[in-house]
Each structure stands twice: as structure tokens, then as C-alpha cells.
Amino acid sequence: MMTLSPETFLLLTQWAGILTITCAIVTGIGLALKWGVRFRLVGATGFMLVLTAGLFALSIVPIARTSIPGAVRYVVVYDNGANHAVITVPNSITASELEATLQQAASDLFSLGRGAQNDTQLTIRARTLLHPQPGVSEPLVLGQVKRSLGQRNDPDMKIDIYRDRLRQLPPPAAS
């Protein structure tokens, strides 16, 4: 089985580029000699151009998702597409799981397409819901991560865990 890494897509882009150039040459000959299939050749060449461009884009942007050990599942409940996002985590989360989950969310939600006007940082807050009484839900922010909007591997990522709020979570149920 072939691994689909950016290097693999770059190799596929090179071969597709060679095939595209070949199609363009055959299309040029077909147009010059007025072959009956010349317009089909134009379509095939256009398709090859689009295919080559798509493979090239996949060679630039990595499609592999980074997996942080210890992270738990989370759900994005708010994302303004620029510099703020909120995730929700289970109320049975520990401090180490929360830190790993915030790192995972920072990796997953990073995009160079996020355009914050005056802010250079993406802030992701992690929250959970407490139910102090039946029918009442109370959101509780447990921590946040601030990371660069411009660097995929941000060395200055800042994670804040609110330990006093983690102590407010219900104790784990005995099994």
C-alpha cells in the first residue's frame, strides 16, 4: 500500500504534469491537422490540467492529521473562522487529558486561511457543562490555548489550565 504523503503527491504531480504536456502536444497536432476528435482532446487536456493542479495542491498542504497522545474527543461548539474557537469536553476530564486535548484542538483548528484583522493569535477555550440541578446547565471554562495564526508548528503556544475550575467537576463515577 502506498503512503499518501506530500512527497507522494509531488511525485504524482510530476507524472501528471508530463501526461498533461503530452496531451497538450497531441491536442495541438489534432487542432493543426483538423482531426475529428480535436475538441475531445481539448477536454482531456483541460481535465489533465485540473487533475495536475489538484495533485500539486495536495503536495503543498499536508493532509495527515496530527494525533496527540492522551487527548480525548472534543466537539467544536463555536468558531468565528478567525481568532476565537470554543470546544466542549466531557466533565470527567483530567488536567493532563485537558492539556493534550487543547494541543490536539490547536493542531486541528490551525489554518492559514484564518484571517483575524488585528490579532495574530488563535484562542481556543475548552469548556464543559455542569448540571447543578435538573433542567439547569452551567458552562464552565476549564482552560485555553493561544497559538500563532501564521505558524503551523508554533513554538510559543501557551496553554492555561484552570485547576480551580477542574476541582469543581463531579468526581468520577465508581464502576
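Visitor: With which side chain does the side chain of Y74 make a polar contact?

Guide: This is a predicted model, in which local features need pLDDT of at least 70, side-chain atom pairs count only at pLDDT 80 or more, and totals for chains, interfaces and linings use all residues. Residues are numbered from 1 along each chain as its sequence is written, and side-chain values use heavy atoms, with hydrogens and water left out. A polar contact is a pair of N or O atoms within 3.5 Å; within protein, one must be able to donate a hydrogen and the other to accept it, and residues adjacent in sequence count only if both atoms are side-chain atoms. At 2.7 Å, the partner of the Y74 side chain is the side chain of D108.

Visitor: Is Y74 buried or exposed?

Guide: Y74 is found in the loop between α2 and β1 (75–79); helices (H or I, at least four residues) and strands (E, at least two) are DSSP runs, numbered from the N terminus. Buried means under 20% relative accessible area, exposed over 50% and partly exposed in between (1.4 Å probe, protein chains only). Because its relative accessible area is 18%, Y74 is buried.

Visitor: What separates the C-alpha atoms of Y74 and I87?

Guide: I87 is among the residues in contact (heavy atoms within 4.5 Å) with Y74, leaving aside neighbours within four places in sequence. The two residues are 13 residues apart along the chain, and their C-alpha atoms are separated by 6.2 Å.

Visitor: Which backbone oxygen does the side chain of T52 reach at 2.8 Å?

Guide: T52 lies in helix α2 and, at 15% relative accessibility, counts as buried. The T52 side chain reaches the backbone oxygen of A16 at 3.4 Å. At 2.8 Å, the backbone oxygen reached is that of M48.

Visitor: Against which helix do the buried residues of α2 pack?

Guide: The buried residues of α2 include L41, T45, M48, L55 and S59. T52 touches T13, A16, G17 and T20, not counting residues up to four places away in sequence. The helix against which the buried residues of α2 pack is α1.

Visitor: What is phi of K34 near?

Guide: K34 is found in the loop between α1 (6–32) and α2 (38–60), and K34 is exposed, with a relative accessible area of 63%. Most residues other than glycine have a negative phi. In K34, a residue other than glycine, phi is positive, near 55°.
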